[in-house]
Amino acid sequence: MVLEALHENPQVLHVGTEENRAYYIPYREKKGDALHLLSGADWKFQWFQSYYEVPEEFVCGRLGNADVISVPSCVNMLGYEKHQYANVKGPIPFDPPYVPLENPCGAYIKEFYVDKDTDLYYLNFEGVDSCFYLWLNGKFVGYSQVAHATSEFDITDFLVSGKNYMSVLVMKWCDGTYFEDQDKFRMTGIFRDVYILHRTREHIRDYTVKTVLQNKRAQIRVSVQWKQEPQEISCQLYDPDGKMVAGTGCAEGGIVLGVDEPLLWNAETPYLYRLVLRSGEETIEQQVGIRKLEIHNAVLYLNGQKIKLKGVNRHDSNAFTGYCISKEQLMEDLMLMKQHNVNAIRTSHYPNAPWAYELYSQYGFYVMDEADIETHNAELIYAGGRSNYNYEDETITSTSFGMLCSDPLYEKSILDRVQSCISRDKNQPCVIIWSLGNESGYGVNMEKAAKWIKEQDPEYLIHYESSIYQMPDHKNDLSNLDFYSRMYMPVKESRAYCTKNPRKPLILCEFSHAMGNGPGDLEDYFSAIYDNDCFSGAFVWEWCDHSVYAGKTAEGKDKFLYGGDFGEFPNERNFCLDGLISPDRKPHTGLKEFQNVARPIRTSYEQGRIWLWNAMDFINVKDVYNICWSLKADHETVESGLIEDFDLLPGEKKPCEIKFGHEMTEGNTWTLLLRYIRKESDGLAEARYCHGFDQIILNKAAEMPVIEERKAVSWKETPKHIVVTGENFRYVFDKWQGTLSGMCYEQREMLVRPMEYNIWRAPVDNDRKILGAWIGAGYNRKTVRVYDTQIAEVPNGISVNFRIGVGAVFLQNSMILEAEYVIYTDGTIQIDVHGIKDPVFPYLPRFGIRLHLPKSMEQVAYTGYGPYESYADKHRASYYGKFKSTVTDLHENYIKPQENGSHWGCDSVELWDEWGGLKALGEGMSFNASHYTQETLESTAHNFELQESEETILCLDGSMSGVGSGSCGPRLIEAYQVNRDLRLNFVLKFYSLNND
């Protein structure tokens, strides 16, 4: 097939398409629904490696070897094309506007029937990647691009009454590919719905709805554009209860409806009115949310109230269907978001399906609607990149990043993508911010696009993070941008911005990278957001892990694949596994962490009083939540109660009196747990759902080890070992390693392998930026050298002391250890290790010991932060208590294996089997119990490939570095780095359950 190469001409973006308009589906009163859905499972399809291979008879509706497939779909998910995850690296040579001649394409044929009359017929494609040519009944209709935009064609003159056939040739690449370099799997096909709209000759072509608030009265202003001549029109507005509150009112330039004391829309109370437009036979219905957005003194207001965006970045991504997303799939996401206190969505990095916004509005989500623009690949071209950060005006000079945003050849492309987004979604109440796109640098083309938006409505709020980048020969005009936006701006810098009398609100459009075992800095960021009015909020990167489902293993494990698993080049491996939920929609601990950090109420204990703070922006606590409290003594509930109808206005903080019937004694641990329980369902979160909690530790009593007096211990020493023997134990120290190589208690050897000092962990994804320094410091291949060994008698036992150097081959020592082991007559071991680190070395992954125990030691009990995995900077999903589990269940099943399942702030941990076990006591330690060694976790690419070891590995850490968000975000906050005060101090006790 020979084509005019429209797909390589940035001056010809659409042929035969209608002008952009708002999204709506009209209803025909006499003929029923105007919608004739063409989506379905009966499309003929054939895949070609180039359009030159497509036979000419295809345009006439004939394909010799056609399959039958469903539309919408991504052909990659159907097996026609391999998957590719490449992130910043473009999948083709950087040669805009040209693409390879070997440009794979899908040939689609759809047969359908129409009882044609004298009305008009419009064919709509809601999403095609990347571009397509269209024929109907053998005649060329048109061409269009912009993958995530609607393309509408008037096909009236091409249709015949009866059987019709449509031929659609979808190209994998076009000049638009350079603007669609989003961080996702690259897929192609007709991935959103296709339908025909049957419309009257004279009809409403487009309309714009604007709400204006003045005191306690609202105006709904509707401006209408007609296909031909204006017609009679009726307009009614109905309230959320279905009562008509306003009828047709005309004014110069459009329709004006007045509403007294209106119910206002916001994410917490998403009241929606229903606007009904009738003209001739047609009826159009539109959701209307009455709200007013404005910025004063660098603070974002909605309806006169300061608001905070507690958001996530969401891709259309599903491991089973690609980016062909159904309403049911989206509703599953929205349910999880609402349950976990997410109130905002950035549509990264393109507009979602048009019907999605109706759900966002209905269920209450603030939306940053983003144009289908990302030219990130321009940053990586040879001799390109960024340089010269200017701290005064906070800009970054780039030699190539903004080249497409600056080139006049692509002015039309950028403006078209921005216009299609805003024109389609302009009437959606949920959209509070328009985003020009993502990671494309900046230039005059973006400035013109922002100017066009303000010309449509000066009150539209515009966001664009990449405005901080500027080309060397251009001074950025930021006058039409309403926010200062950054990605992964460190907490310290974010706070500093807010103290510099800023002119614009701060939004972090990406922050707190949720890759793998993360994120680890949510509480720090939220504290900064709450502390500063001008810090309007932030969006976690990102909502869901991107992956492709590949069936089950022979053992029944699900196989989820990521970049590089398909033999593709280039690829970015598992950098797509960066979400708060797994591909099958199972929440990671990171989402549970987000839920409690973003909880609607916060409790504090100040000067002997309990204080409650309403962290919501519009709702009184008494209207939505009950507060359930439990008083616990030594982790057992002794008293509980319910606080109902607590009157606490948005943003208000006041004391709450709870009278306890118990006297809190000094010798017990007393904690108060307050849970925030929803009174009624909101459609996504059920009644009695817990939206978060707070815990107050009123008194903490340490568990003291009991030492029993037995017969005196004895020892003997050889050049290699020290053997300590007691009434019921025999412990062997390795003098060359400075640790225990054998621990035999009640004739059972507790160690499968010798004890080790442990400063390494299987790197979490967010260790990426520090990992090179750790490896360079030799932490993953440590060596030890014992310089001195001392044995001394102490009351009721003996003390074995080592002075140890920790280093690595060809490197100097990174630290010196002073280790003392006190062995008491009953077999109890007290371990005290102090480390002095050379400050030239980077902070440590962890500081602890590792014990290899029999695999049968499966049962676990601990006192510390649970029940979820917890770290110094990631423990708000957990609370301090006493928990029981199993070693197997403590494992967190990340698709890319890594450090997981640790528990922070522990005072005791116990492992046992049918024979007996051991217990470690030590204030504030961390522990990890697993059937996988850290070496196995580090070297295994996928969770379904993990093989359990024949042992139980217990890591006891004096401290473990936080997990942070450093794979894409800032370096780990200093307070969470293991860099000083290196100390292990705990007691090991062994016991037998069978003493006969």
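Where is the place of Asn 297? Asn 297 sits in the loop between strand S26 (293-296) and strand S27 (299-302); helices (H or I, at least four residues) and strands (E, at least two) are DSSP runs, numbered from the N terminus. Before I continue, colleagues, a word on the basis of this talk. This is a predicted model, in which local features need pLDDT of at least 70 and side-chain atom pairs count only at pLDDT 80 or more, while totals for chains, interfaces and linings use all residues. Residues are numbered from 1 along each chain as its sequence is written, and side-chain values use heavy atoms, with hydrogens and water left out.

Let me stay with the backbone for a moment. Most residues other than glycine have a negative phi, and most peptide bonds are trans. Asn 297, although not a glycine, has a positive phi of about 50°. Asn 297 is exposed, with a relative accessible area of 77%; here buried means under 20% relative accessible area, exposed over 50%, and partly exposed in between, with a 1.4 Å probe and protein chains only. Asn 303 also carries a positive phi, near 55°, and lies in the loop between S27 and strand S28 (305-306). Asn 303, however, is buried, at a relative accessible area of 19%.

Two peptide bonds deserve mention. The bond from Trp 541 to Glu 542 is cis, with omega near -5°, and Glu 542 is placed in the loop between strand S39 (535-540) and strand S40 (548-552). Phe 569 and Pro 570 are likewise joined by a cis peptide bond, with omega about -5°. Pro 570 belongs to the loop between strand S41 (558-561) and helix H8 (589-597).

Trp 541 and Glu 542 bring us to Ala 514. Leaving aside neighbours within four places in sequence, Ala 514 is in contact with Pro 519, Val 540, Trp 541, Glu 542, Asp 578, Gly 579 and Leu 580, where contact means heavy atoms within 4.5 Å. Ala 514 lies in the loop between strand S38 (506-511) and H7, and is buried, with a relative accessible area of 0%.

How many of the eight residues of helix H2 (residues 356-363) are buried? Six are, so H2 is largely enclosed by the rest of the structure. The buried residues are Ala 356, Tyr 357, Leu 359, Tyr 360, Ser 361 and Tyr 363. Their cover includes strand S25 (282-288), helix H1 (327-339), strand S30 (344-346), strand S31 (366-370), H4 and strand S34 (431-435). After H2 comes Gly 364, with a positive phi near 90°.

H4 itself is mostly covered, with twelve of its 15 residues buried; among them are Ile 414, Val 418, Cys 421 and Ile 422. At 1.5 Å a residue, the 15 residues of helix H4 (residues 411-425) should span 21 Å, and its end C-alpha atoms are 22 Å apart, which agrees. The expected span is 1.5 Å times one less than the number of residues.

Next, a helix pair. The axes of helix H6 (residues 491-498) and helix H7 (residues 522-531) come within 10 Å and cross at roughly 5°. That makes H6 roughly parallel to H7, the term for angles under 35 degrees, with over 145 being roughly antiparallel, 65 to 115 roughly perpendicular and the rest oblique. Axes are lines fitted to C-alpha atoms, for helices over the stretch in contact, and angles run from 0 to 180 degrees between N-to-C directions. On the H6 side, Val 491, Ser 494 and Arg 495 meet Asp 524, Tyr 525, Ser 527, Ala 528 and Asp 531 of H7.

Which residues have the most contacts inside the largest nonpolar core? They are Leu 309, Leu 334, Tyr 360, Tyr 366, Leu 436 and Trp 543, in a core of 101 residues. Such a core is a set of buried Ala, Val, Leu, Ile, Met, Phe, Trp, Tyr and Cys residues joined through side-chain atoms within 4.5 Å. H7 gives the most to this core, with six residues. Tyr 360 touches residues including Trp 265, Leu 330, Leu 334, Ile 345 and Cys 430, when residues up to four places away in sequence are not counted. A second, separate core has 66 residues, including Ile 770, Leu 853, Leu 918 and Leu 982.
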